[in-house]
Amino acid sequence: MAISMNWVRDYVDYKDVDLKEVADKITRAGINIEQVESKYIPNLVTGEVISCEMHPDSDHLKVCQVNVGDHKEQIVCGAGNVRTGIKVIVALPGAILPGDFEIKASKIRGVESNGMICALFELGLEEKTEESYNRGIEELDPATPVGVDVCKHFGWDDTCYTLDLNPNRSDCNNHIPFSYEVAAVLGEKVTLPDITTHPVKETIDGKLNLKIETDNCPMYNAKIVTDVKIGPSPEFIKHRLEVAGMRSINNVVDISNYVMLEYGQPLHFFDRDKLGDTILVRMAEDQEKIVTLDGKERNLSKDDIIITDGKKPVCIAGVMGGLNSGIDENTKSIVIESAIFDSYHVRYTSINHELRSEASLRYEKGLNYEYCTMAIERACHLLEKYADAKVLSGTMTHDVMDKTPKEVTFTLRQVNDLLGMELTKQDALKSLDGLGFEYEVNKDEFHVTIPNRRLDVEAHVSDLAEEIGRLYGYDHIESKLPTGEGRPGRYIGLVADRKLVSKRLRSLGLNEARTYTLISPEEDQLFRYHHQTPIALLRPMSTDKSIIRQTLLPSLVKTVEYNKARGTKDVCLYEIANTYFNEEEEDTLVSIAMMGNYLTPTWQGAKMKVDFYLIKGIVEDIFDYMGLKNRYTFVKETTPDLHPGMSAKILLDREEVGVIGRVHPSVMKDELYVAEFSLKKLASKKIKPIKFKEISKYPSVTKDMAFVVSKKVPAEDLLAQIKKSGGRLLTDIHIFDVYVGENVGQDEKSIAFSLTFQDPNKTLQDDEVMKVFNKIISDVEHKLGAVLRDK
Amino acid sequence: MKEKIEQLQKEIEIKVKEVKTLKEWNDLKVEYLGKKGPISAILSGMRDLSIEEKKETGKLVNELKETVGILLDEQRAQIEAKELEEKLSKEEIDISLPATKIPVGTPNILEKLIEESEELFMSMGYDVVEGPELEKDYYNFELLNLPKGHPARDAQDTFYTKGEELLLRSQTSPVQVRTMLANEEKEPLRIVCPGKTYRRDDDDATHSHQFTQMEGLLIDKNISLADLKGTFDIIAKKLFGIERETRFRPSFYPFTEPSVELDISCFNCGGKGCPLCKHTGWITVGGAGMVHPRVLENGGYDPKEWTGFAFGFGMERLAMLKYGITDIRTFYTNDLRVTDTFNRTEAE
């Protein structure tokens, strides 16, 4: 959508301004102008073909002598319609046509040619179609003077603004509302266009029955014009529609669009002979049908507002007319509709029928009832002028519009308090004058009436402050900082835990990943240890992002694969993200994936490969870091898509909080280990504060022992038994060797322990240690079927 | 006797200097200070002397012993130092061989920027608050002055789940209302809410259906656009360099009135105009405004008594600008070769 500044000049009388500077001012006042484009083409003149002969070396080119005013030029032309005596548009050398096409003096098949005779589509004034191409070069009115600047003569020396509007100011897509913004920055006034008509004696009374049977049409104006002559539009209308991005069709259709582009009020023209003498506006019935102007049959519903001829639908209100009542080249008499329909319903209908038009977009944003009344008069004025129409006296009107004026009273102090500036009364009044807002000033009180055209401005001081401030200029604001009670900010709730765990994982060498919340149904089928019902989107963009994930593991596996495909084979990742189940229940999961080398093998020979025990160590570190030492256990359990022999669930205070294991080779062949647990559950646990513990000053004794035991007995059981039997003197225990092989039975393993004994109150004696040591051996042998190795 | 002792001392002094190894040193020590050595011999010969002579000789012998002890210690230290030097000279390594690195992970690029911003805001007294991503229409739209059918809902087509009442939030603003409502004492409020947001966009180099916002809200008494400007100045300078200038451009957001766009002077050209700033000298980095009175009211704050400002940044956009990233998908593919280059600090 673009604005023609020539058009705007009809309403704002500005002279000698730099339109680029104006555009900048308007942008700074909040109406964003994305592009300023001059439509002026230099070296484009009118000419007369004074002779036209066949090119000696071509069967379709002609060599023309063209009078271009002060001299004549020889131009080679290939158009079928070029002939002696016609007036044409000549692009002389130096002219730059749309598409950066520069005209140069040249030789065409050996014959000198000093310019180009142009068709409208070559000037960007018409769409290039088979039809326009076949029509050939533009033939000007024989009365056109020769040798004059074409752009200036026809009003094509236009500058156009391409707008990027905020959703509340879509009114500025129309020339009159936009003119108020131009006037405001230039300190000018807006003059509205001529809407006077010369109605004939014949009146509309008795010729049209108007009935409105729905609350969704607060205003409906109808007028009748007769004796319409359909033909081409005058050049200025054609050009202006073109600039605005609409195609010229014929004078009547163009006028309807032209008026819409002036006021923003869409009009609808019915062929009166097809319509008959009744207009009835109502809600459609379910399954009611209409064939719209684009030839498609539409199935209506009770939420669509329609215009009927009393029986059948003739128009979907605000969206598109029916084929059964539209204007065609034989139309003589027209019923003009200028109405306001409920924006919510028009929006619903246009989305529902996938019919978004220039008209429906305007209805959706809401319309000004004053313009609704003016626009119909303006259309009659133009139809009289450019289609020889006779306007019947009188207007059929339905009007239940709420016309309560929007008024607001405020003080300058209130405005300055919001804006943080010190405007004077004069400053404020200057802004209001510029915008064309009416006001009364009573001492310090402003009483402002908001114009109806400004649907976006509410009767509230903050809205008025914005209007005043944006014109006055926010560059006048002097920065300051909020005062008030100072205290440092902090992380609230689970955010604090997330940051702590995140930083800890990074210090453990894991890289933070950030992946998408939405996954595919296939991904949703993976790692379903959570057994939750999937949450699907109502209208996904694509199936691969249609489900809200309940585990992060599929996303991390994908990320590992992505890195692997790019040559990174040592991948240590984590992600902390929210997941949802049962619609609104939220969890925050910590998810870890590790593959390859943890420590890059060094030239000295050090290496550390990722295995189950390393990722277990990472998980334990996080739990310990969160103050949960000795409160968690790993319980072997087969988990979906994890290796059945290398997977476990993680229990915290006997409650399941997560899973750990190697990814099943059917999901990923590489040795990829993952873990996932609920941060929410970890953070919900009460923990004890840190307390200093004195280290015993008496010497400790370290002794080793190894047991051969069935492979089925978990090391954890042995540790638990040793601890229990060791009592208070056993202060530390760790496993330093695990052996499986020929020196033990096939179903056996040997586990070696290093035990530390210490008494906090005295030096331990050998016999005391031995007593405990032997008790441990005897207990482990008896209770777990183990045998002390190398007894 | 005295001469004999002086003679002995001279002899030892010469011999000690000749000692080169610890073994030689040890032998020398046994030779002279041992039971069979000359000093022991003198002492055992003393029994035939008079009391006066005994006294005299004893004193001389003790002095001799002391002197010899010092000489021996000095020599030993020298030998040890020399031996250590020789040993170390054989232990020289090639210090140019690669170092042994302990792995340290890096944050996601967005998280790095979020953490930096959070630190700044916390230092200014803002709490960091989060809220649900699967949100009620009521919080995401209605309480934010966006009733059903509002035209501005169009601009942010939303992912709904069941029943059009629950959605993936299209903005982090619902956290603001939730926090306002939760603050029952209606005290002044300073919060930032970073988080994931979602809109119906097809993913390409500049669009992402999932993105990250960081919004801020400050509610107090007598707050104006000037307070917002000052706050924005600090953010702009911290994130994009101390020489950044700022400006406001009028804009529209349903939940603020007046609303502004937040522009910074182009850090690429310094404001002269370049392709990055589309030759305007300015780059838009966020949106802001004074909290709409209706939103204050919805949050339980009386707009007659309280005012406030709110601002919002798209973290992807900030990161793309700051680091020169051209594809928004970079943040979500997690290519470790890329994130590795972010594992460092930056100058202020």
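A:Leu323 counts as partly exposed, because its relative accessibility is 44%; here buried means under 20% relative accessible area, exposed over 50%, and partly exposed in between, with a 1.4 Å probe and protein chains only. This residue sits in the loop of chain A between strand 22 (320–321) and strand 23 (334–340). Strands (E, at least two residues) and helices (H or I, at least four residues) are DSSP runs, numbered from the N terminus.

Before I continue, a word on the basis of these values. The model is predicted: local features need pLDDT of at least 70 and side-chain atom pairs count only at pLDDT 80 or more, while totals for chains, interfaces and linings use all residues. Residues are numbered from 1 along each chain as its sequence is written, chains are lettered from A and ligands numbered from 1 in the order in which they are written, and side-chain values use heavy atoms, with hydrogens and water left out.

I turn now to a sheet in chain A. This open sheet has five strands in the order 5-4-3-6-11, with antiparallel pairing. Its edge strands are strand 5 (72–77) and strand 11 (116–117), each of which pairs on one side only. Two strands pair if DSSP finds at least two bridges between them. Strand 3 (residues 44–54) and strand 6 (residues 87–91) of chain A run antiparallel and are joined by five bridges. A:Glu48 has A:Lys87, in strand 6 of chain A, as its bridge partner.

Next, the salt bridges. Over all chains, the structure holds 68 of them, each being a side-chain nitrogen of Lys or Arg within 4 Å of a carboxyl oxygen of Asp or Glu. One of them links A:Glu235 and A:Lys238, at 3.9 Å from N to O. Both residues lie in helix 6 (residues 235–244) of chain A, three residues apart, about one turn of the helix. A:Glu235 is partly exposed at 27% relative accessibility, and A:Lys238 is partly exposed at 21%.

In helix 14 (residues 461–472) of chain A, A:Arg470 and A:Glu467 also lie three residues apart, and their side chains meet in a salt bridge of 3.0 Å, N to O. Are these two residues buried or exposed? A:Arg470 is buried, because its relative accessibility is 6%, and A:Glu467 is buried at 3%.

A:Lys629 forms a salt bridge with A:Asp624, with the closest N and O atoms 3.9 Å apart. A:Lys629 is exposed at 55%, whereas A:Asp624 is partly exposed at 26%. Elsewhere, salt bridges that share partners join A:Arg169, A:Asp171, A:Glu181, A:Arg454, A:Asp456, A:Glu467 and A:Arg470 into one network.

Finally, the cysteines. How many disulfides does the structure hold over all chains? There are zero, a disulfide being a pair of cysteine sulfur atoms within 2.5 Å. The sulfur of A:Cys372 is too far for a bond, because the closest cysteine sulfur, in A:Cys217, is 8.7 Å away. A:Cys372 is buried at 0% relative accessibility.
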